[in-house]
Amino acid sequence: MDTHIPEGTSEMEPLQRAGAVALIEDGFDSVEAVEGPDGLEVDLLDSIVAVYRGGALLKVFVDAPALEFAEQAVRSVVGELLERSELLADWQIERCEVELHAELAQESLAAANGPDAPPDDPADCKARHTDRPAAEDDSEGYDAEAKAAAVRGQMLALADELRSFSPVMFGVLDDEEDEDGDIEFAVMREEAKLAAGALVYATDILVDELFQDVQTLTEEDATAAECDGTLWHFEDLPERYALQYDARFARRFLVTVIAMTTRFTDGSFQQLSCVAEELALKLLLNETNVTLETFGLLDDGVSAALDSFADNVYEDMDHEWLYDDSMDGIDESAVGAALGVAPMAFKAWFTPFNDRRYVHASAADEPEGAAP
């Protein structure tokens, strides 16, 4: 669900955003169930709040017998929550989308008959999801070229939503360079636009999959290292800290991804704020490349545009050392101090690099029992 501040109101400053998070989370904490249509009770199970400059993105988990009941109940509780707060009373609900719980959806699909029924095993489902679509002669009724063209059109249409980044960030030469420079290695505008749209397209996939990971870790009450279920992304974070990736960490990382990508699209992004955001961008770039490759859209030009984007957004690549055990502790060594390496210990992942960086209020608190 997307809620916006009143039209014509100044965008919220960091302290206002932190206050909005507290008000909304306190409101959800006070609600256990919602009265749905015909007096039907809908249980409120959980919620995640991500506030940005112009409003808040809300993910609300409810137990309802039908999707339409769930949507009505969520609209009702959020509307009442906003009205109860003097500071939020004028906020508007702009968009509300309802999705079936992943496990319930799997149960329903598993009951289907026929050759197209999805695999029962979650790992097989993940592999099937990430495999490149079969060509038309391999899958009756599937037109791979038409699907790729449709996805390409979607991505190009989404490119303008990446408001924080100009084509120059993707390697497109500006007008002066176009006239005077060597354009042999320049990225074409169409390639940059496709790369930008692919980032927005992949953001939705990444966030949805991270929500599933949060749910899996919550239900198993386990860390990524101990989890028996299939995880989409937390196994791709530095392995040395896998025993620290529990449900609480997963929630904070998810909020970080939402806050970072919201700044990408609302035009407010300036710099990555913390180690967690550096790792979040790594996952987003991986997801973007996989999605483009899945539909046969990752040519050399688009790949170069994404590489240029990464080079321009990352201030350094020190976070890559987290994947190399031989570099463990370099941030606390004399060499690290000489190189100006920022603290990279697990407990510092959500700590802003400096006072000018913004970390979402729901992620900023130091994790309990964090390993140094």
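Which residues does Phe 234 touch, not counting those up to four places away in sequence? In this predicted model, Phe 234 touches Leu 210, Asp 213, Leu 217, Ala 224, Tyr 245, Phe 249, Ala 250 and Phe 253.

Phe 234 also belongs to the largest nonpolar core, which has 74 residues. Phe 170, Phe 234, Phe 253, Leu 281 and Trp 349 have the most contacts inside this core. Several elements each supply at least two of its residues: strand E3 (41–52), helix H5 (144–158), H7, H8, helix H9 (275–294) and helix H10 (300–313). The largest share comes from H7, with 15 residues. A second core is separate and holds 18 residues. Met 12, Val 31, Val 74 and Val 77 are among them. In soluble globular proteins, nonpolar side chains tend to be buried together.

Two of the contributing helices, H9 and H10, also meet each other. Their axes come within 11 Å and cross at roughly 175°. Angles over 145 degrees count as roughly antiparallel, so H9 is roughly antiparallel to H10. On the H9 side, the contact involves Leu 281, Leu 285, Thr 288, Asn 289 and Leu 292. H10 contributes Val 302, Leu 306, Phe 309, Ala 310 and Val 313. By class, eight residues of this contact are nonpolar and two are polar. No charged residues take part.

Asp 221 lies in the loop between helix H7 (189–220) and helix H8 (247–266). Its phi is near 50°, a positive value in a residue other than glycine. Relative accessibility of Asp 221 is 71%, so the residue counts as exposed.

Notes:
Residues are numbered from 1 along each chain as its sequence is written. This is a predicted model: local features need pLDDT of at least 70, side-chain atom pairs count only at pLDDT 80 or more; totals for chains, interfaces and linings use all residues. Side-chain values use heavy atoms; hydrogens and water are left out. Helices (H or I, at least four residues) and strands (E, at least two) are DSSP runs, numbered from the N terminus. Buried means under 20% relative accessible area, exposed over 50%, partly exposed in between (1.4 Å probe, protein chains only). A nonpolar core is a set of buried Ala, Val, Leu, Ile, Met, Phe, Trp, Tyr and Cys residues joined through side-chain atoms within 4.5 Å. Contact means heavy atoms within 4.5 Å. Axes are lines fitted to C-alpha atoms, for helices over the stretch in contact, and angles run from 0 to 180 degrees between N-to-C directions. Angles under 35 degrees count as roughly parallel, over 145 as roughly antiparallel, 65 to 115 as roughly perpendicular and the rest as oblique. Ala, Val, Leu, Ile, Met, Phe, Trp, Tyr, Cys and Pro count as nonpolar, Asp, Glu, Lys and Arg as charged, and the others, Gly among them, as polar.
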